[in-house]
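Visitor: I am new to this structure. Could you walk me through how to read it?

Guide: Gladly. Here it is.

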Amino acid sequence: MTLEHAILDTLSKATLPLKASEITKLIKPLVGRAATPKAVAAALEAFAASTALNRISGKPQPLYTTQSLKSAAAALLQHCIHAAKKEQPAAKLKLKLPAALQAHFESALAQLSADGAVFVLPGVKRLVYARKPKPSELLDAAKRRALQKILDGVNGVRSQTATLADFMAWLDAEPAAVVPPQAETGTAVPDAANLREWYEQDRVRSSTMMIPLPLTFARYAAWAAERGAAANSQVLRNLIEELYNNGSALLEPCERPQDLPEHERAMLVPMSLGPPGYSWCWIA
C-alpha cells in the first residue's frame, strides 16, 4: 500500500477530521518508514490542493477529511456535545468548531437534531443535550426547593402527603400515545410481547445477542402483512425506545448513521450517550 493510498483510506474510514500527526500514527503500521511527518504533510497538502480532501484551518494544527465541510462540522459538533458532561448553549458550541466550519453550524445542528443524535431545547440560550432530558431534569436546585415549599404548604390540607419524588414521577410520566384504530390508519401496532417473540426468533439464528433493527423491522412487516396492514418504522422505533428507557432493552450504537440508507436511519433509537442505537437485545 502506498503512502497516498493509506492516507485516503484512513481518512475515508475516520469518523472525525484528523490532524496530520494523527494520520501519521495511524498509517505507520501500513506503510512503515515511508510515513514520515514530512512526507505525510506534503501528501496532505497535495490532496487538499487537488480537492481530493478538505483542509480545515485550525489551531494548533489544521484538520483533514474526505467529508464535506457540512458533514465534518456535524461530526465534530456531535463529538463535542456527547463528550461534554452537561448541556451546552448553542452559542458556545459554535465557538468550539474551527472557524472554517462555523458557517455550517446551524445546518449541522439541525441535521443532528433531525437524526435524533442530539436534542435542542428551544429558548433564549438554545440548550443542546446529548439526549432528550426528562422534564424533571430541567428543574435546578432552586426550583426544587421552591416546589418543596409549595408541597409543604398544601400537605397540611391533604389526606395523603404529596412528596417531591411523587411530583417528579408525575412530571416525567408521559401518557401512552393514542393510536387510532388500525382500520382507520392501516398501520399495525405491535406490543412488547410481539417484539420479544421476534427477538427470540432471530436470536436463535444469530451468533450474538444483538439483533439489527432492520431485521426486527422485517419480522414486524411480515406480521403486519398477515393482518392486512402496514408496518411503520416510527412505531417500531418508539416501542424500542420505550423498552430502552424502561431498562428492558440494551442498544448498540451506530457509529456512522450518515452512511445508512434513509429508511434504516429512520429506525435508529436515541441513546442517553453517544450515537443512536442500531442493534438491540432484550434484557427484561
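Visitor: What share of the 284 residues in the protein chain is buried?

Guide: Keep in mind that this is a predicted model. Buried residues make up 37% of the protein chain.

Visitor: How many helices and strands are there in the protein chain?

Guide: The protein chain has 13 helices and eight strands. Its radius of gyration is 24 Å, well over the 19 Å that the globule rule gives for 284 residues, so the chain is more spread out than a compact globule. Along the principal axes, the C-alpha atoms fill a box of roughly 80 × 55 × 35 Å.

Visitor: How many positive and negative side chains does the protein chain have?

Guide: There are 32 positive and 26 negative side chains. The centres of the two sets lie 10 Å apart.

Visitor: How many disulfides does a search of the whole structure find?

Guide: First, the general idea. A disulfide is a covalent bond between the sulfur atoms of two cysteines. In this structure, the search finds zero.

Visitor: Is Cys-254 buried or exposed?

Guide: Cys-254 is buried, with a relative accessible area of 10%. Cys-80 is partly exposed, at 22%.

Conventions:
Residues numbered from 1 in each chain as written. Predicted model: local features only at pLDDT ≥ 70, side-chain atom pairs only at ≥ 80, totals over all residues. Heavy atoms only, no water. Helix = DSSP H or I, 4+ residues; strand = E, 2+ residues; numbered from the N terminus. Rg over C-alpha atoms; globule rule 2.2 N^0.38 Å. Buried < 20%, exposed > 50% of the residue type's maximum accessible area, 1.4 Å probe, protein only. Lys, Arg positive; Asp, Glu negative; His and termini not counted. Charge placed at Lys NZ, Arg CZ, Asp CG, Glu CD. Disulfide = S-S within 2.5 Å.
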